[in-house]
Every structure is written in C-alpha cells, then in structure tokens.
Amino acid sequence: MYNPNASGGNNTVAGNRLFVYEVEGLGQDGNAQDAPIRRSGTQTMTVPYNRMNEEMQRITRLGGKIVNIRPLTGEDWNNQAASANGSQTQESKPAEASKSMTQAKPETKGEAKGKTSAKASAKKKVPVNIYRPKNPFVGKCLSNEDLVREGGSGRVQHLKFDISGGDLEYLEGQSIGIIPPGKDEKGKPHKLRLYSIASTRHGDDGDDKTVSLSVRELEYQHPETGETVYGVCSKFLCDLKEGDDVNITGPVGKDMLLPDDEHANIIMMATGTGIAPFRAFLWRMFKEEHEDYKFKGKAWLIFGIPYTANILYKEELEQLQAEYPDQFELTYAISREQKNAEGGKMYLQHRIQENAEKVWDLVQQPNTHTYICGLKGMEGGIDEGMSSAASKQGVDWDDYRKQLKKDHRWHVETY
C-alpha cells in the first residue's frame, strides 16, 4: 500500500525525514531522570521520524511538555546541527512562530523520485479488481447476524462469506462489490453495489477464507404512493440464508488503507455502518497476532449512532477499550439520547467540536492518520470544529487539511 509516512527502517525515505520538537520544562541533562528542570523558555530538538515515539516517551519521562511538532525546514538547517541518527537540543528562536506543515522544506528531485519509487512498489502490493462484474466470484453466505438490538432503529446485519474457492484477497480499508440477482426496470442485470469490508485480510475466522460486511437495509416511503420501498441489494443481502450464493467483485480502494507504521496514531470517525472499515482496523491492531505488525500507537474511535441499541459491535468495542485503556479510546455520539452543548441532538460532529483541540493536537503529529467514514453531512461539522482549533494557532484549516490529504494522512469515504 502507498503510505509516504510509513516507517519501515532507517534506510527508508520516511525513516530519514526529520522533525523539530519544541519542548518546555525539559530537564537540562537529557540523560538523567532527576536532572534539574528548566521551568522557563523552550528547547528545540531535531528528531528522525523512526525515533519520534521513543523521543516523545523520553521527554514525558523527564517532565517535559511538547508544545509543537513540525517538519524540518530549510531555515532550520541554517540554525541547527541536525543529525538523522539522533537528536540535539538548543534554545528556540523566540521571535519566530513555528511554521505549519504547508511551509515544509520543498523536497528535492531525489526525494521525490524516492517517494515515486516507494509508491510504485507499494501499489503492486494492493490487490485490486481480482474479480470483475463480467466474471464475478461466487461466494457462499456462511452466517447472517443481527447487529441492532431491541429498541434500536432499522436493520443492520453482519454477513460472512466463504471465499475459499477462489483467489479473492483484500486489505483493511478496501471494499467489495455485490451484484444482486435479477434485473432492473429496464430488463438489464443489476449493477454492483460497493460495501466496505468489515473484516481483516485474514477474515473473521483468521484462516484467510472469509470476508465480512456490515449492511444496513435501505428502507423508505415512496414520496408519491407512500409505499414502503427497499434497497435492491441491501434487502437481498440482509435476507440471505446460510448456503446462499453471492456474486462478489473487487476488491477496490486504496484511499482508506491502514498504514504499515506500527507506531501510527489512528483517529476514526464513523456513523452507522461506516464502522465497517474501522472494525477491520481495530481487529488487526488488537485482536489478531502478527509477526510483521504489532500495533504500538494510539487508536481513537468516535462513533455516531441514533440509539444505544444501534451501537454496532458494542460488546467487542467496549471489551477492547477495557483491555487496552492506554491505546484505545472509544467515544459515542448517540443522537436520540444525548444532547449537544446547545441542547440539540448529539451528532458525531458535535463530539468532534467538543474534542477539537485534542483532535488537533493529535493531527499535528506526523504519524497520525485520520479516517472519516459514513454520512457525508458530518464533514462540515468536523471541518468547523477543526478550523476553530487550528485558528487559535494561526493556522488555516482548509490549507492544512489539503496538506494532510497530500501526505495521505486524511482519509475520507462518505456518502
């Protein structure tokens, strides 16, 4: 997968990127825990990407506070003796404000070429369109479980399909297409519908033989006749019985992939079945054991639903929160049961606005990836909250978000 911020070792492009930490209250002797503390003024230190987590822990242990992290700029090179194999400290220049990431040092042709090569190499590893609509894979339904408990609204199912008879493989954050049987009103075969995958690449059973989806049955009243209308594909999927055949295409998608970096911070914002890719993320981070991936970062899921009974995968999510309190934070926005600051319904964007400064602090860390999946209407509220937090530091959020997207650290899949 393509992720320019992933760190695979000291000899990678990302591994050699340098960042400037601005720190307050750090002990003057960086190697002694009982060193005298510098209570006034700040220090700056240059840190290579692959040592960022280690340096954060060291600073915290010594009683310091990181007030800003930014990429190393050309001006910094003139003021610091930077080293890609370690970090050095000196007094910061008080009159100059820290530059935003949009002012980072322009990359050289060599760096750009390195990134292009890394991108090309990574793209080859992402499976795409193994099965197409003209020749779909025929899987079988293994199970179809209710996800909405009594008192909830709507119908949402967790479906698991057997894919052991084919070559279908996928990654967390991708989608598969489902082609419902029958024909449309024009007498043509139904077109495929895309659904985010809710299982890790190894499947719910961990044997690489299944793929799972979270599907909400689309139901609405016809505006003219008042007749109840159901979504063709969602109705088909929600009604599946064990052993039923399913025409599957794909996988598709490269924008929502989980980074390879084990130290990455992952912020996830979801509404409804937008939880699907994040279930895959969390299961890979915390529930599976891998030789080549052991999650060491922090994960934060902010989940919007109408009722408590609509919290999909509630028991499993809360169990993860209990087992990994230092790594996984779970925040709900329950619109029909909770009130926002103005007394209205509590939607996900209101939770973002409440926690905007905390989210902003995390987003500024160069190893943080933010994912948004679900209803498109929540994007405006998220931007509003982030804009307020960013403006307090003199940063234009629109420009900053564009840079995050360019750096492949801001991932959005809404509908």
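Hi everyone, let's start with a pair of helices. Helix H8, residues 356–363, packs against helix H9, residues 378–391, at an angle of about 75 degrees, and their axes are 9 Å apart. That angle makes H8 roughly perpendicular to H9. Please keep in mind that this is a predicted model.

Which residues of H8 and H9 meet? On the H8 side we have Ala356, Glu357, Val359, Trp360 and Val363, and on the H9 side Gly385, Met386, Ala389 and Ala390. By type, the residues of this contact divide into seven nonpolar, one polar and one charged.

Next, a residue in helix H10, which covers residues 397–406: arginine 401. Is arginine 401 buried or exposed? Arginine 401 has a relative accessible area of 13%, so it counts as buried. Leaving aside residues up to four places away in sequence, arginine 401 touches Asp383 and Trp410.

Now please find isoleucine 163, in the loop between strand S6 (156–162) and strand S7 (175–179). Isoleucine 163 is buried too, because its relative accessibility is 2%, and buried means under 20%. What does isoleucine 163 touch, not counting residues up to four places away in sequence? Its contacts are Phe137, Leu168, Tyr170, Lys209, Thr210, Val211 and Ile248. The C-alpha atom of isoleucine 163 also lies 7.4 Å from that of lysine 140, and those two residues are 23 apart along the chain.

Let's finish with charges. Side chains of opposite charge can pair when their charged atoms come close. How many salt bridges does the structure hold? There are 17 salt bridges, and I'll show you some of them.

One joins lysine 296 and glutamate 262, at 2.8 Å from N to O. This pair links distant parts of the chain, 34 residues apart: lysine 296 is in the loop between helix H5 (276–287) and strand S14 (299–305), while glutamate 262 is in the loop between strand S12 (245–252) and strand S13 (265–271). Lysine 296 is partly exposed, at 42% relative accessibility.

Another salt bridge pairs lysine 376 with glutamate 379, with the closest N and O atoms 3.4 Å apart. Here lysine 376 is exposed, with a relative accessible area of 53%, whereas glutamate 379 is partly exposed at 21%.

Salt bridges that share partners also join Arg155, Glu217, Lys235 and Asp239 into one network. Within it, the side chains of aspartate 239 and lysine 235 meet at 3.5 Å, N to O. Aspartate 239 is partly exposed at 29%, and lysine 235 is partly exposed at 28%.

Key:
Residues are numbered from 1 along each chain as its sequence is written. This is a predicted model: local features need pLDDT of at least 70, side-chain atom pairs count only at pLDDT 80 or more; totals for chains, interfaces and linings use all residues. Side-chain values use heavy atoms; hydrogens and water are left out. Axes are lines fitted to C-alpha atoms, for helices over the stretch in contact, and angles run from 0 to 180 degrees between N-to-C directions. Helices (H or I, at least four residues) and strands (E, at least two) are DSSP runs, numbered from the N terminus. Angles under 35 degrees count as roughly parallel, over 145 as roughly antiparallel, 65 to 115 as roughly perpendicular and the rest as oblique. Contact means heavy atoms within 4.5 Å. Ala, Val, Leu, Ile, Met, Phe, Trp, Tyr, Cys and Pro count as nonpolar, Asp, Glu, Lys and Arg as charged, and the others, Gly among them, as polar. Buried means under 20% relative accessible area, exposed over 50%, partly exposed in between (1.4 Å probe, protein chains only). A salt bridge is a side-chain nitrogen of Lys or Arg within 4 Å of a carboxyl oxygen of Asp or Glu.
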